[in-house]
Amino acid sequence: MIKQKIFRRFHIWLQASRLPAIFFIALPLALGFLSEPIENLHFSSLYLFVLVLYAFFLEFFIVFANDYADEKTDALNQSWTKFSGGSRVLAEKLLSKKELKKASFLMGTCVFLCSIFFAIHQGKLSLFFLGQSGIFILWA
């Protein structure tokens, strides 16, 4: 019974995360990473790991915050897909607005921390601001 509840909860958060949309973030990050001459990067496996984490945190922040903000329109939307129209976790009352708000705040905080890591690791303050741009664009 407990395993079933945990599995169900995991499945709900997986639905909320809309993982297929990660490619919208992963591709630009990969292209940006590969376009920088290797000699200009202080490359490490830790940096690459944090970059992957950053992509997931940013994706989760975007979809959680978007679902939170678009609750009413998503509930009315009858033609949603995996890539548009929300994850349906609020429309189907699988999560509360409070839970989604907390999760988006947590993911935004993780994006913030990754951005600090990039700025310190590469010695470029501009990486902090670039790392925060996804949060700013969603807010705008």
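Helix 2 passes helix 3 in a right-handed crossing, meaning that the near helix is turned clockwise from the far one by less than a right angle. This is a predicted model, where local features need pLDDT of at least 70, side-chain atom pairs count only at pLDDT 80 or more, and totals for chains, interfaces and linings use all residues. Residues are numbered from 1 along each chain as its sequence is written, and side-chain values use heavy atoms, with hydrogens and water left out.

Back to that crossing. Helix 2 (residues 23-35) and helix 3 (residues 45-69) pack at about 150°, their axes 10 Å apart. That makes the pair roughly antiparallel (an angle over 145 degrees). On the helix 2 side, Ile25, Leu29 and Phe33 do the touching; their partners in helix 3 include Tyr47, Leu51, Leu58 and Ile62. Contact here means heavy atoms within 4.5 Å.

Helix 3 also meets helix 1, with axes that come within 8 Å and cross at roughly 90°. These two are therefore roughly perpendicular (65 to 115 degrees). Trp13, Ala16 and Ser17 of helix 1 meet Glu59, Phe60, Val63, Phe64 and Asp67 of helix 3.

Now for helix 5 (residues 97-122): at 1.5 Å a residue, its 26 residues should span 38 Å, and its end C-alpha atoms are 37 Å apart, which agrees. The expected span is 1.5 Å times one less than the number of residues. Its buried residues (under 20% relative accessible area, with a 1.4 Å probe and protein chains only) include Leu100, Met107, Val111 and Phe118. The buried residues of helix 5 pack against helix 1, helix 3 and helix 6. Just after helix 5, Gly123 takes a positive phi of about 65°.

Definitions and conventions:
Axes fitted to C-alpha atoms, helices over the stretch in contact; angles between N-to-C directions. Helix = DSSP H or I, 4+ residues; strand = E, 2+ residues; numbered from the N terminus. Parallel < 35°, antiparallel > 145°, perpendicular 65-115°, else oblique. Buried < 20%, exposed > 50% of the residue type's maximum accessible area, 1.4 Å probe, protein only.
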